[in-house]
Amino acid sequence: TIGQPVDYVWHTATDLSPYDCILVPGGFSYGDYLRCGAISRFAPVMNEVAKAAEEGKYILGICNGFQILTEAGLLPGALRRNDSMKFRCHDSVLKVNNNTTPFTRDDAEGQEIVIPIAHGEGNYYCDEETLQKLRDNRQIVFTYQNNPNGSVEDIAGICNERGNVIGMMPHPERAVSSLLGSDDGKAMFTSILQAWRDTHGAANVR
């Protein structure tokens with residue numbers, strides 16, 4: 001998508017210092033036993049993910065990755081069973097509510113993008129106090145135009161207060177080419193690269 005080298009990192013890894021961006025992917029880790037992400041949250045590598053987040057590195061959690069980030073306390077709230085009690089797998093229209101994060105700078109504020117979902121426990125929940133903080137700090141990054149799972153405030157993705165950690169249930173990595181039905185997810189990855197290059201004084205993305 002953006003022509004950059006990537007590495008797969010094992011769950012027992014204890015050093016992520018060589019990396020500038022860490023993607024915590026989807027994938028039903030540990031079979032979603034107990035609760036989605038509840039076991040993965042204790043994997044040794046998550047200590048390093050937390051350290052990287054504290055250092056300001058970019059952390060992106062997608063689907064199960066979002067669930068893991070909430071379980072690890074890197075993002076507020078929790079993901080519950082879809083209100084339909086069914087697994088939902090289809091394209092979803094999202095609204096970009098905040099394009100000032102390192103992950104959304106190549107999107108327009110209020111832009112609608114088509115990103116697929118594939119989850120059974122994507123129903124985002126938090127208490128009213130937390131929800132108000134999310135509103136006040138502009139941490140609600142993406143919302144569903146047609147809520148597929150019962151998420152409070154139609155939330156599809158949020159970030160931390162600092163803006164360097166984001167979690168979302170939809171899958172932008174599955175929407176990086178028109179051959180896949182949408183290339184709207186590509187902007188997330190070009191945004192990350194451009195944000196890093198701006199911070200480090202490197203050349204612009206072409």
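**Figure 1. The buried residues of helix α2 in the predicted model.** N64, G65, F66, Q67, I68, L69 and T70 are the buried residues of α2. The model shown here, and in every view below, is predicted. Seven of the eight residues of α2 are buried, so the helix is largely enclosed by the rest of the structure. After α2 comes G73. The phi of G73 is positive, near 80°.

**Figure 2. The open sheet.** Seven strands make up an open sheet. Their order is β1-β2-β9-β8-β7-β4-β5, and the pairing is mixed. At the edges are β1 (21-24) and β5 (112-119), each of which pairs on one side only. From one strand to the next, the twist averages 20°. Helix α1 (residues 44-54) packs on this sheet. There α1 touches β1, β2 and β9. The direction of α1 makes about 130° with that of β2. Helix α2 (residues 64-71) also packs on the sheet, touching β1, β2, β8 and β9. The direction of α2 makes about 120° with that of β2.

**Figure 3. Strand β9 and its two covered faces.** Strand β9 spans residues 165-168. What lies on each side of β9? V165 and G167 are on one side, and I166 and M168 are on the other. In a regular strand the side chains alternate between the two faces of the sheet. All four residues named here are buried, so both faces of β9 are covered.

**Figure 4. The partners of β9.** Strands of a sheet pair through backbone hydrogen bonds, either parallel or antiparallel. Which sense does β9 adopt with β2, parallel or antiparallel? Strand β2 (residues 58-62) pairs with β9 in the parallel sense, over four bridges. In this pairing, L60 stands opposite I166, and G61 stands opposite G167. Strand β8 (residues 155-159) pairs with β9 in the antiparallel sense, over three bridges. Here G157 has M168 of β9 as its bridge partner. β8 and β9 form a hairpin, with five residues between them. In the turn, G163 has a positive phi of about 90°.

**Figure 5. S92 in strand β4.** S92 lies in β4, which covers residues 88-96. Is S92 buried or exposed? S92 is buried, because its relative accessible area is 4%, under the 20% cut-off. Leaving out residues up to four places away in sequence, S92 touches I113, V114, I115, P116, I117 and Y144.

**Figure 6. The largest cavity.** The count comes to one cavity of 30 Å³ or more. The largest cavity has a volume of about 40 Å³. Which residues line the largest cavity? The lining consists of D107, I113, I115, F142, M168, P172, D184, G185 and M188. By type, the lining divides into six nonpolar residues, one polar and two charged.

**Figure 7. The largest pocket.** The volume of the largest pocket is about 1,700 Å³. Its lining has 45 residues. Of these, the closest to the centre of the pocket are V6, D7, C21, I22 and L23. Which elements give two or more residues to the lining? They are β1, α1, β2, α2 and α4 (186-200). The lining of the largest pocket divides into 32 nonpolar, nine polar and four charged residues.

**Figure 8. A187 in helix α4.** A187 has its place in α4. With a relative accessible area of 15%, A187 is buried. Which residues does A187 contact, leaving aside its neighbours within four places in sequence? A187 is in contact with F103, D106 and D107. D32 is 155 residues from A187 along the chain. The C-alpha atoms of A187 and D32 are separated by 30 Å.

**Figure 9. S177 in the loop between β9 and α4.** S177 lies in this loop. S177 counts as partly exposed, because its relative accessibility is 23%. Not counting residues up to four places away in sequence, S177 touches S182 and D183. Along the chain, S177 and T1 are 176 residues apart. The C-alpha atoms of S177 and T1 are separated by 8.4 Å.

Key. Residues numbered from 1 in each chain as written. Predicted model: local features only at pLDDT ≥ 70, side-chain atom pairs only at ≥ 80, totals over all residues. Heavy atoms only, no water. Buried < 20%, exposed > 50% of the residue type's maximum accessible area, 1.4 Å probe, protein only. Pairing = 2+ DSSP bridges. Axes fitted to C-alpha atoms, helices over the stretch in contact; angles between N-to-C directions. Contact = heavy atoms within 4.5 Å. 1 Å grid on protein atoms, 1.4 Å probe; cavity = no way out; pocket = protein on both sides within 12 Å on 5 of 7 lines; lining within 4 Å. Points joined across faces, edges and corners; volume = space filled by probe spheres on them. Nonpolar A, V, L, I, M, F, W, Y, C, P; charged D, E, K, R; others polar.
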